Amino acid sequence: MLWIADASPRKDGFRFGQGEFEKMIGRLNHVAIAVKDLDAATAVYRDTLGAKVTEPLPQPEHGVTVVFVELPNSKVELMSPLGENSTIQGFVDKNPAGGIHHVCYEVDDIIAARDQMKAAGARVLGTGEPKIGAHGKPVIFLHPKDFLGTLVELEQV
């Protein structure tokens with residue numbers, strides 16, 4: 001199973017871990033950190049830690065601008081709000097120094113993963129239809145209340 005959520009029943013009586021589901025989670029793709037100042041955050045990783053950092057990539061459909069810190073075994077995604085209706089503006093307002101926003105796991109088939117999550121009782125955010133993410137691949141997001149308070153992104157690879 002993908003999640004390690006609390007096995008206690010939700011208000012609707014659903015208990016995680018019920019049913020048979022095949023393993024679908026792949027490797028950790030990235031950890032996303034929301035920041036107010038993308039240039040300053042980039043400088044910390046590039047200049048202080050000596051990391052390779054990509055150029056900024058505006059993602060207007062997601063309301064963010066991102067850069068990726070490339071690591072030998074994964075990535076860190078630094079993201080800042082883009083536009084008036086940014087999906088992360090509230091998070092940045094509550095965490096002005098920045099903070100971990102979500103984790104992203106790879107899956108082979110985003111539609112099968114979405115359907116399996118729904119069948120298991122996990123909540124898929126938005127319309128439930130995959131959107132194209134910063135890597136140019138389909139992604140969905142899963143409700144943090146179903147995953148120990150962590151927003152989870154699934155990305156098809």
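How do the residues of the lining of the largest pocket divide into nonpolar, polar and charged? They split into 13 nonpolar, 11 polar and six charged, where Ala, Val, Leu, Ile, Met, Phe, Trp, Tyr, Cys and Pro count as nonpolar, Asp, Glu, Lys and Arg as charged, and the others, Gly among them, as polar. Please keep in mind that this is a predicted model, in which local features need pLDDT of at least 70 and side-chain atom pairs pLDDT 80 or more, while totals for chains, interfaces and linings use all residues. Residues are numbered from 1 along each chain as its sequence is written, and side-chain values use heavy atoms, without hydrogens and water.

**View 1. The largest pocket has a volume of about 520 Å³.** Of its 30 lining residues, H62, T87, K131, V139 and F141 are the closest to the centre. At least two lining residues come from each of strand 4 (64–70), strand 5 (75–81), strand 6 (99–107), strand 8 (138–142) and strand 9 (151–156). A pocket here is an open set of points on a 1 Å grid over the protein atoms alone where a 1.4 Å probe fits, with protein on both sides within 12 Å along at least five of seven lines; lining residues have an atom within 4 Å of a point.

**View 2. L148 sits in the loop between strand 8 and strand 9.** Its phi is near 55°, a positive value in a residue other than glycine. L148 counts as exposed because its relative accessibility is 52% (exposed: over 50%; buried: under 20%; 1.4 Å probe, protein chains only).

**View 3. R114 belongs to helix 3 (residues 110–119).** With 10% relative accessibility, R114 counts as buried. Beyond its neighbours within four places in sequence, R114 is in contact (heavy atoms within 4.5 Å) with V124, G128, E129, P130 and I140. Helices (H or I, at least four residues) and strands (E, at least two) are DSSP runs, numbered from the N terminus.

Definitions and conventions. Grid points are joined across faces, edges and corners, and a volume is the space filled by probe spheres set on the points.
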